[in-house]
Amino acid sequence: MHKLLTQEPGKKLLLLGNEAIARGAIEAGVALATTYPGTPSSEISANFFNIAQQSPLYFEYSINEKVALEVAAAAANACVRSMCVMKHVGLNVAADALMTLAYVGVKAGLVILTADDPFMFSSQNEQDNRYYAKLSGLPMLEPSSVAEAKEMVGYAFELSEKLAEPVLFRTTTRINHSNEIVTLGNIIAPVTKGDFPKDPFNYVTVPAVSRNLHKKLLKNMAAAGEIAESSPYNFIEGNSGPWGIVANGVSYNYAHDAVKDLNIADRVALLRIGFSHPMPSRLITEFLKGCEKVLVIEEGEPYMEENIKAIAQESGLTIPIKGKSEDLFSRLFEFDPGMVRKNIARYFDISYSSVTPVDLTDIPDIAQRPPNLCAGCSHRATYYVVKKAAEGKATIYPTDIGCYTLGLLPPLSMADFLICMGSSVGTSCGFSKTTDKKVISFIGDSTFFHSGIPPLINAVFNNHNFTLVILDNGTTAMTGHQPNPGVDMDQLKCSGYGRVSIEGIVRAIGVSHLEIIRPFRIKKSIEAVRKAIDFEGVSVIIAQEICPLYAKGLKKAMGKPFYVSDKCKNHRDCINELACPAFFIENEKVKIDPDTCVGCTLCAQICPEHAIVPFKEKVNIR
Amino acid sequence: MNVTRLIIVAVGGQGNLLASRVLGEAALLADIPVRMSEIHGMAQRGGVVESAIVFGNAMSTIISDGEADILLGLEPSETLRAMNKCNPDTVVITNLSPLPPFTVAIGKGQYPDLELVKSIIRRKTKKLIAIDAVELAKEAGNVLAVNMVLLGALIQTGILPVTIDNVKEAIKTRIKATLVDINLKAFDLGFQSAQRD
């Protein structure tokens with residue numbers, strides 16, 4: 001049985017934040033969950049995917065976040081408790097659905113999880129999704145710890161049903177990817193079937209209906225504000241002040257620890273905001289009245305700070321309130337305990353000496369270790385092939401979101417522009433229209449399904465001129481090998497799925513030049529790519545080759561490893577053009593690590609001396 | 001209860017996260033509060049994996065620069081790279097078996113000399129325990145048990161508030177049954193090696 005289905009209330013488990021969140025939803029009787037995978041949220045849905053195979057939960061990997069939210073919105077309006085999980089930028093994709101779903105509301109609980117990523121550990125921006133709560137008028141909850149996150153998911157479902165609105169649940173990476181000891185609660189049996197009683201004059205959002213629904217939303221917001229005033233997730237630590245600190249999320253942990261470390265608990269009142277939209281204005285007013293000066297600690301934008309200043313203005317309070325400023329907290333990146341401790345000491349003028357970190361000035365430069373495409377990754381082969389085919393041409397390479405974005409790094413250097421999922425195709429239209437360069441763009445299979453199809457239709461209709469390379473490695477590799485509509489689900493021993501052909505879609509769109517290549521067949525592939533890039537108009541190349549990590553997971557047979565024989569004359573084309581992580585240099589000679597090499601043959605094909613050859617026997621692992 | 005802060009750094013695939021989880025389970029068995037955080041988005045793509053483990057009564061799950069009580073490095077150049085987490089009282093434990101990044105192979109950087117790595121760390125911190133964990137892991141029966149060798153050395157220092165038995169019990173719960181013996185042996189070899197160091 002799946003660990004998160006353990007029916008032993010009171011049992012303690014060490015759980016990852018994302019496991020705790022999934023468990024919280026299971027305890028709350030979630031019956032339908034949807035997602036599009038995205039770090040740092042991915043393990044929530046990976047657990048749902050496995051749980052769904054042994055419980056009544058319905059879970060799906062939807063094609064994108066907008067569709068995921070629409071599926072969940074309908075389920076929640078058919079009286080079934082639902083959850084929709086995505087990373088922060090996913091909510092941009094789902095925003096169209098979100099804004100008017102807030103007008104329509106829900107019948108059963110709907111929790112929309114947005115996983116924000118301060119510092120951009122694995123994201124293209126660090127937008128602060130608390131503003132989506134403000135923009136949509138929906139309530140927002142933010143946990144500070146893994147254990148609290150589990151409890152708060154249950155509260156979110158109850159709140160959603162009380163207000164008949166979806167609830168936004170915002171985490172940050174340090175919640176999703178922290179581990180903590182969590183106490184299991186009772187699991188409520190999910191109700192998997194509901195009903196949808198017709199009520200078009202409250203559901204079909206034509207202007208006359210929406211004018212009423214907007215009024216209803218404002219009433220719900222006011223009701224949410226009342227609940228926030230006394231929510232157990234907005235609480236004050238310490239009683240008197242005169243110093244006030246307001247903090248949310250993980251910043252609260254750092255503030256709590258700092259107050260203890262600085263030994264100032266007798267002088268500080270700490271307000272933790274866990275129900276952050278609407279902000280509890282009466283609670284904040286009362287809090288401010290007991291303070292001489294206030295520090296607001298929040299990663300990202302000054303969302304609380306601006307709100308608190310507005311509340312102070314309404315009550316005629318003129319105490320200093322600070323948060324974001326040059327000498328205190330930044331809008332950039334994530335916070336840490338030492339930074340928060342130092343800023344608290346500085347703002348309240350407390351003498352404090354921090355530990356002295358070791359002197360780093362005489363430590364030699366250490367070669368960087370950036371992430372790299374895996375040994376045997378077919379993207380490396382495709383990039384090599386396209387580079388060779390386009391040799392001598394001035395090119396622009398718009399790219400997209402996935403492992404293949406790592407093609408940015410030298411020596412491949414095959415990425416020039418990226419803003420969001422699907423942007424490789426849309427931006428190709430603009431670049432090809434306004435430059436004389438050959439535009440060749442790259443998109444992965446899952447990203448193509450997510451948001452690459454409408455811009456390809458756009459390109460055919462508006463008669464643009466570029467080549468799109470679809471890197472089809474048969475899985476959503478970057479986020480942990482989740483399925484997508486092109487995946488053969490039989491391989492995952494899952495039944496009851498359809499399968500959508502990328503080739504079929506491309507042909508149906510009316511792309512008149514299509515090449516399908518196996519990128520490890522270099523010569524043939526270069527020829528095919530040349531034809532495609534010489535074509536005037538929209539051409540598409542589908543590069544088909546399974547992700548080697550995924551293949552390993554499926555226990556597919558891999559090739560025998562290769563080694564560098566005596567014929568090597570040290571040209572080093574292999575290393576300099578491919579930079580496969582299986583290579584290393586020993587005594588000025590190129591070597592291949594047999595434990596890393598999967599026998600893809602790419603380097604063997606480009607070696608001018610044909611010096612790279614396969615082992616005849618299976619080699620012993622080190 | 002005193003707070004003890006441990007940083008573990010490794011290259012993706014070396015088993016950093018498993019080692020961290022084993023320590024977390026050991027703390028659970030010892031009834032010690034524990035909070036851990038990890039950054040592993042690109043772990044399988046050869047990047048650096050860092051985890052922070054905070055034992056005792058603190059709510060933070062990450063560790064600021066200069067604030068680690070112990071730094072455990074599964075790869076020597078990564079141990080050196082993580083020196084920003086250390087202060088003069090930090091105890092450092094490192095594997096001595098290098099895994100040079102591919103940037104070295106393409107001439108985009110130097111791999112630091114191991115003797116220099118050791119002397120820098122010794123000079124700047126309270127104590128360095130340096131062992132060839134690959135050699136001991138092979139002796140235990142599987143090169144992949146490097147993480148358990150180093151856990152053994154870590155526990156030998158006695159700085160963490162968990163016992164040998166807690167950790168061995170945790171190894172049994174977190175590691176596949178068929179590999180438990182090899183991992184326990186690796187743990188013991190690391191423990192003994194640190195005693196001699």
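**View 1. The loop around E588(A), between strand 21 and strand 22 (589-592) of chain A.** Welcome to this predicted model; we start in a loop of chain A. E588(A) sits between strand 21 and strand 22 of chain A, and its phi is near 65°, a positive value in a residue other than glycine. Most residues other than glycine have a negative phi. Is E588(A) buried or exposed? E588(A) counts as exposed, because 6 C-beta neighbours lie inside 10 Å and the cut-off for exposed is 12 or fewer.

**View 2. N570(A), in the loop between strand 20 (562-564) and helix 20 of chain A.** Here is another residue other than glycine with a positive phi, near 60°. N570(A) is exposed, with 11 other C-beta atoms within 10 Å.

View 3. Most peptide bonds are trans. To find P40(A), look in the loop between strand 2 (32-35) and helix 2 (42-52) of chain A. P278(A) belongs to the loop between strand 12 (275-277) and helix 11 (281-289) of chain A.

**View 4. The open sheet of strands 9-11-10-13-14 in chain A.** Five strands make up this open sheet, and their pairing is mixed. Which strands are at the edges? They are strand 9 (234-237) and strand 14 of chain A, each of which pairs on one side only. Strand 10 and strand 11 (residues 268-273) of chain A are joined in the parallel sense over six bridges. In that region, N248(A) stands opposite I273(A) in strand 11 of chain A. Helix 10 of chain A lies across strand 9, strand 10, strand 11 and strand 13 of chain A, at about 145° to strand 10 of chain A.

**View 5. Helix 13 of chain A and its buried residues.** Among the buried residues of this helix are P337(A), V340(A), I344(A) and Y347(A). The buried residues of helix 13 of chain A pack against strand 10 (243-248), helix 10, strand 13 (293-297) and strand 14 of chain A. After helix 13 of chain A comes D349(A), with a positive phi near 60°.

**View 6. R331(A), in the loop between strand 14 (321-322) and helix 13 of chain A.** R331(A) is partly exposed, with 14 other C-beta atoms within 10 Å. Leaving out residues up to four places away in sequence, R331(A) touches G300(A), E301(A) and K324(A). The C-alpha atoms of R331(A) and P302(A) are 7.5 Å apart in space, while 29 residues separate the two in sequence.

**View 7. The largest nonpolar core, with 181 residues.** The residues with the most contacts inside this core are A72(A), A255(A) and V149(B). Why does the core lie between domain 1 (3-229) and domain 2 (236-347) of chain A? Both domains give residues to it, so it lies between them. Setting aside neighbours within four places in sequence, A255(A) is in contact with I245(A), A247(A), L270(A), I297(A), V340(A) and I344(A). A second, separate core has 70 residues, including C377(A), V386(A), Y397(A) and F102(B).

**View 8. The open sheet of strands 15-16-17-19-18 in chain A.** The five strands of this sheet have parallel pairing. Strand 15 (395-396) and strand 18 (513-517) of chain A stand at the edges, each with a single partner strand, so one side of each is left without a neighbour in the sheet. Five bridges link strand 16 (residues 438-444) and strand 17 (residues 466-472) of chain A in the parallel sense, and F442(A) has V469(A) as its bridge partner in strand 17 of chain A. Helix 16 (residues 445-461) of chain A packs on the sheet and touches strand 16, strand 17 and strand 19 (538-544) of chain A. The direction of helix 16 makes about 145° with that of strand 16 of chain A.

**View 9. Where chain A touches chain B.** How many residues does each chain bring to the contact? Chain A gives 50 residues and chain B gives 52 residues. Elements that each supply at least two residues on the chain A side include strand 1 (12-16), helix 10 (249-261) and helix 20 (573-578) of chain A. The chain A side divides into 28 nonpolar, 13 polar and nine charged residues. Strand 8 of chain A and strand 2 (residues 34-39) of chain B run antiparallel and are joined by three bridges. The bridge partner of S178(A) in strand 2 of chain B is S37(B).

Terms used. Residues numbered from 1 in each chain as written. Chains lettered and ligands numbered in written order. Predicted model: local features only at pLDDT ≥ 70, side-chain atom pairs only at ≥ 80, totals over all residues. Contact = placed C-beta atoms within 7 Å. Helix = DSSP H or I, 4+ residues; strand = E, 2+ residues; numbered from the N terminus. Nonpolar A, V, L, I, M, F, W, Y, C, P; charged D, E, K, R; others polar. Pairing = 2+ DSSP bridges. Buried ≥ 20, exposed ≤ 12 C-beta atoms within 10 Å, placed from the backbone. Core = buried A, V, L, I, M, F, W, Y, C linked by C-beta atoms within 7 Å. Domains from an automatic or database assignment. Axes fitted to C-alpha atoms, helices over the stretch in contact; angles between N-to-C directions.
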